[in-house]
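Look at the sequence and the structure first, then read on.

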Amino acid sequence: MRQYHFLTCDVFTDTAFGGNPLAVVPEAEGLDDRTMQTVAREFNLSETIFVLPPKDPAHTASVRIFTPARELPFAGHPTVGCALTLAALGRVERDEDGRGALTLEMKAGAVPVALDRDGSGRPTATFTAPGIPSLSTEGLPPARAIARMLGLEPGDVVTREPLSPAVCTVGGVAFAVVPVAPDALSRIRLNSALYEEYKQAGAPDPYVVALDDPQRPSAVHARMFAPAMGIPEDPATGSAATALAAWLDRVQPGTGRETLAWTIIQGADMGRPSTIGLELDREDGAMTAVRIGGSAVMISDGTLALP
């Protein structure tokens, strides 16, 4: 039997059994693609991340990220959780204030991560997205059809500009940002048959959002559904939060140099509340960088016994 160390943590939360669970295999050399996918299916979490030696010695590690159904080129909560796990294992240098830096190589590119502590002293990790998120208004069915798939009334989906649904993509991963009325978020009941039709038409998984203030939002409440990836509902989706920056950039346009920040609240309807920090940098009104940050709670530490 081959033995591999693993850890699990809850990401984008400061409370055990909140946030989004993640499995980390910190020394995954010797595992092939098929075995990684099998292990991810065994954990049956939103994602499992496998840590390998970096291709570039200037970087910290190369990583592979798998849902129970497929590999992803980039994902947010594995990035934050992996960075904090490697730091906890002593594989990242930090100063006496807990600050440090690392770079994770992903299929989407090299992702820099900054380590710090929040106001209560809890370690945090903030990554810079591998590229600027893009927005498209193509590739989505009518809002009425999306509402039916979500088990909502047509009027629950916001269609007025600039708040209308859009496809937002980052790191090779696309999401359908679907804005709804705040009271509609908790009423969503995904229709499996209509979801299958939606996916067969080539539409990306829905990231449903409700703003605290449609004019100048500071908080976004969200739910994300991805049964096709083996994730019926995700309690915290860092990649979707990253992609959301393109939609928020349209909602809150600017012309100068500035940094905008939002808090994304997700998972409450699943009993796993999560808090994701999102920052967007602009120069001359154009996005130049997007950052996602949060904390994590270590939950388990064990050994995989593989044939």
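## Terms and model

Buried means under 20% relative accessible area, exposed means over 50%, and partly exposed lies in between (1.4 Å probe, protein chains only). This is a predicted model: local features need pLDDT of at least 70, side-chain atom pairs count only at pLDDT 80 or more, and totals for chains, interfaces and linings use all residues. Residues are numbered from 1 along each chain as its sequence is written, and side-chain values use heavy atoms, with hydrogens and water left out.

## Asp249 and Arg282

A salt bridge puts a side-chain nitrogen of Lys or Arg within 4 Å of a carboxyl oxygen of Asp or Glu. The whole structure holds 16 of them. One joins Asp249 to Arg282, with the closest N and O atoms 2.8 Å apart. This pair links distant parts of the chain: Asp249 sits in helix α5 (residues 238–251) and Arg282 in strand β16 (residues 274–283), 33 residues apart. Helices (H or I, at least four residues) and strands (E, at least two) are DSSP runs, numbered from the N terminus.

Asp249 counts as buried because its relative accessibility is 17%. Arg282 is buried too, at 2%.

Salt bridges with shared partners join Asp33, Arg64, Glu71 and Lys107 into one network. Glu71 meets Arg64 at 2.5 Å, N to O. Arg64 has 14% relative accessibility, so Arg64 counts as buried.

Glu71 also bridges to Lys107, with the closest N and O atoms 3.3 Å apart. That pair spans 36 residues, from Glu71 in strand β5 (residues 71–72) to Lys107 in the loop between β6 (100–106) and β7 (109–117). Lys107 counts as exposed, because its relative accessibility is 56%.
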